[in-house]
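Here's a quick briefing to read with the structure open beside you.

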Amino acid sequence: MAAPRIVIVGGAGGTGSGGDEECVKMEDSPMSKKSKMETRENLAMYAGDHPTQFIIGYCSTYIFMQTFMIPGTIFMSLLAGALFGVFKGLLLVVFNATAGASSCYFLSKLIGRPIVNWLWPEKLRFFQGEIAKRKEKLMNYMLFLRVTPTLPNLFINLASPIVDIPFHIFFLATVVGLIPASFITVRAGLALGELKSVKDLYDFKTLAVLFLIGAVIIIPTVLKRKRTYE
C-alpha cells in the first residue's frame, strides 16, 4: 500500500491563517485516502487507550513546532479536529498555538532582532511604522492582523517584541484572533480523508469572511483617526 505523499514548502504553519507561506499538496487517490483514514483510526485508538500520554505528546509537539518555526502545525490542527471534534479540537489548537506563539515571542525578544532584520528589513520597518501610528488602538490592530492573512503569523510572532508590542496585548490578540481560522482548520479535520490540499481550506469565500471580521475589528481605529483629523 502506497503512503500518501505530503509536500511542505515555506514557513511555519500555525493554524493556517495570517498569510503563512506554506503550500501543501496531498495526492488524492483511493489508496492515499484509505491510508489517511487508517492513520486517523490508529491514532484515535491510541488516544483512546492512552489519553494522557497522547495529549502530552500532542501538545509538546505542537508547541515545540510553533516555538521554533517548524512547518507543519496546520496538520496538527487538522488532526485535532479529526480526533477530538470541533469544540475540543478548537480549544486544544488555540491553547497550543497561543503557547507556541508566546514562546516564540520571548525567544525572539532574546535573540530575534538580528534574524528579523536580516530576513524582513522592509517588512519590519513597515510594521514598526504601523504600530507607532496605532498606539492607542493597538489591540484592534493586532486582532486584525491575527484574523486576516495580512501578515504571516511567523513574522508577527518574531517581530512583535522587537517593535515593543506589550506581551499582554500580543497574548490576548493571539488567543482571540486565532479562533476564526482555527475553527475553519479544525472543522476541516472532520473530513480529513477528503481534503486534497490545504489551499482548499481558504477559498475566496473563506478569505472574504476573515477580512470582513477583520474590518469590523479595525473600524473603531479608523473612525477615531478620522475624528482626530477633523
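Helix H3 (residues 73–111) packs with helix H8 (residues 167–177) at an angle of about 155°, and their axes sit 9 Å apart. Since angles over 145 degrees count that way, H3 is roughly antiparallel to H8. Keep in mind that this is a predicted model.

**How H3 and H8 meet**
- Two packed helices are described by the angle between their axes and the distance between the axes.
- The H3–H8 crossing is right-handed.
- On the H3 side, the residues in contact are Val94, Thr98, Ala101, Ser102, Tyr105 and Phe106, and they meet Phe167, Phe170, Phe171, Thr174 and Val175 of H8.
- Sort the residues of this contact by type and you get 8 nonpolar, 3 polar and no charged.

**A closer look at Phe171**
- Phe171 belongs to helix H8.
- Leaving aside residues up to four places away in sequence, Phe171 touches Thr98 and Ser102.
- Phe171 and Tyr105 are 66 residues apart along the chain, yet their C-alpha atoms are separated by 9.5 Å.

**The cysteines**
- A disulfide is a covalent bond between the sulfur atoms of two cysteines.
- How many disulfides does the count come to? With a cut-off of 2.5 Å between cysteine sulfur atoms, the count is 0.
- Cys59 has a relative accessible area of 13%, so Cys59 is buried.
- Cys104 is buried too, with a relative accessible area of 0%.

Terms used: Residues are numbered from 1 along each chain as its sequence is written. This is a predicted model: local features need pLDDT of at least 70, side-chain atom pairs count only at pLDDT 80 or more; totals for chains, interfaces and linings use all residues. Side-chain values use heavy atoms; hydrogens and water are left out. Axes are lines fitted to C-alpha atoms, for helices over the stretch in contact, and angles run from 0 to 180 degrees between N-to-C directions. Helices (H or I, at least four residues) and strands (E, at least two) are DSSP runs, numbered from the N terminus. Angles under 35 degrees count as roughly parallel, over 145 as roughly antiparallel, 65 to 115 as roughly perpendicular and the rest as oblique. A crossing is left-handed if the near helix is turned anticlockwise from the far one by less than a right angle, and right-handed if clockwise. Contact means heavy atoms within 4.5 Å. Ala, Val, Leu, Ile, Met, Phe, Trp, Tyr, Cys and Pro count as nonpolar, Asp, Glu, Lys and Arg as charged, and the others, Gly among them, as polar. Buried means under 20% relative accessible area, exposed over 50%, partly exposed in between (1.4 Å probe, protein chains only).
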